[in-house]
Amino acid sequence: MAAGPVPGERLPTPPRERRPALAALAALLVLAGALGATVLVLRAGDRVEAVRITERVPAGERIPESAMESVLVADDSAVNYVPWGQRSQVADDLRSVTDLVPGTVLVGEMLTGEASLPQDEVLVGVSLQPGQYPSGLEAGDAVAAYWVGDDEAPDSGSDSGSGSGDEGSGDEGSESAPPPIGDDVIADRATVAAVHGGDGVGGNSALPVTLRVGADAAAALTRAASNGEVSLVIVAPPGE
């Protein structure tokens, strides 16, 4: 009789069968994982520095720089992120159009250059042709509005004395009425609330602009603007 296995000895095992298909699949999985990690690393480097809000800002209020912090976001041409480098311009010139809460990443659609108006001011839209506005015109600029038509200038009714209809303004010997600044001046001071569809640099198309102006000059400015007879000139801001 053949001798059986000695108690305590391990039985021999057959050699493991190699499976080339499984080995190839494992190699492909490793390669796919490496490629995925590479793509993530590349995408992580394609980022821009944007503005994120750190405290609540009510709608219509300015956003102080103390309420902003830098955050890296994925660069996406479909999203109008506010660059971190423009935070000072945001704080100085713009207001929020909606309530902003901490953690909000700012986009351009959340901001406006139009502020709340006092009772004696209105917003007037004008469409300016090339040559009727200075190069570089932008929101916040102080401007004077001139009539540039061929007919009689419209009455501005402004306090500047141009076409105000003051009974004493026509008396040569009167010392109480201020001298007129010119019949071609519609509004001697207005503020550019917004420049729409352009950056104020000269071009071949009309430039729509919203002006914040005294209510007494609104009618004359609107009439002249409807005929394309308005030209803007940048003037020194108040106090300068």
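Which element supplies the largest share of the lining of the second largest pocket? Hold that thought, and I'll come back to it.

Hi everyone. A word on ground rules: this is a predicted model, where local features need pLDDT of at least 70 and side-chain atom pairs count only at pLDDT 80 or more, while totals for chains, interfaces and linings use all residues. Residues are numbered from 1 along each chain as its sequence is written, and side-chain values use heavy atoms, with hydrogens and water left out.

Let's start with the overall layout. The chain has three helices and nine strands; helices here are DSSP runs of H or I with at least four residues, strands are runs of E with at least two, and both are numbered from the N terminus. Reading from the N terminus, the order is α-β-β-α-β-β-β-β-β-β-α-β. Of the 240 residues, 29% are buried, where buried means under 20% relative accessible area, exposed means over 50%, and partly exposed is in between, using a 1.4 Å probe and protein chains only.

Five strands form an open sheet in the order 5-8-7-6-9, with antiparallel pairing; two strands pair if DSSP finds at least two bridges between them. From one strand to the next, the twist averages 40°. For strand 9, the partner is strand 6, joined in the antiparallel sense over five bridges, and there Y146 stands opposite S231 in strand 9. Helix 3 packs on this sheet, touching strands 5, 6, 7, 8 and 9, and its direction makes about 15° with that of strand 5. Axes are lines fitted to C-alpha atoms, for helices over the stretch in contact, and angles run from 0 to 180 degrees between N-to-C directions.

What sits inside? The largest nonpolar core has 25 residues, and V126, V209, L211, L221, V230 and L232 touch the most other members. Such a core is a set of buried Ala, Val, Leu, Ile, Met, Phe, Trp, Tyr and Cys residues joined through side-chain atoms within 4.5 Å. Strands 5, 6, 7, 8 and 9, along with helix 3 (218–226), each supply at least two of its residues. Apart from it lies another core of 15 residues, including I63, A91, V107 and M110. Setting aside neighbours within four places in sequence, L211 is in contact (heavy atoms within 4.5 Å) with residues including V122, V143, T191, L221 and L232.

Two loop residues are worth a look. D75 is in the loop between strand 2 (68–74) and helix 2, and at 46% relative accessibility D75 counts as partly exposed. Beyond four places in sequence, D75 is in contact with D46, R47 and V48. S135 is in the loop between strand 5 and strand 6, and S135 is exposed at 59%.

Back to the opening question. Strand 7 gives the largest share of the lining of the second largest pocket, three residues. The pocket is lined by 12 residues, with R62, D93, G113, G140 and R212 nearest its centre. On a 1 Å grid over the protein atoms alone, a pocket is an open set of points where a 1.4 Å probe fits, with protein on both sides within 12 Å along at least five of seven lines, and lining residues have an atom within 4 Å of a point.
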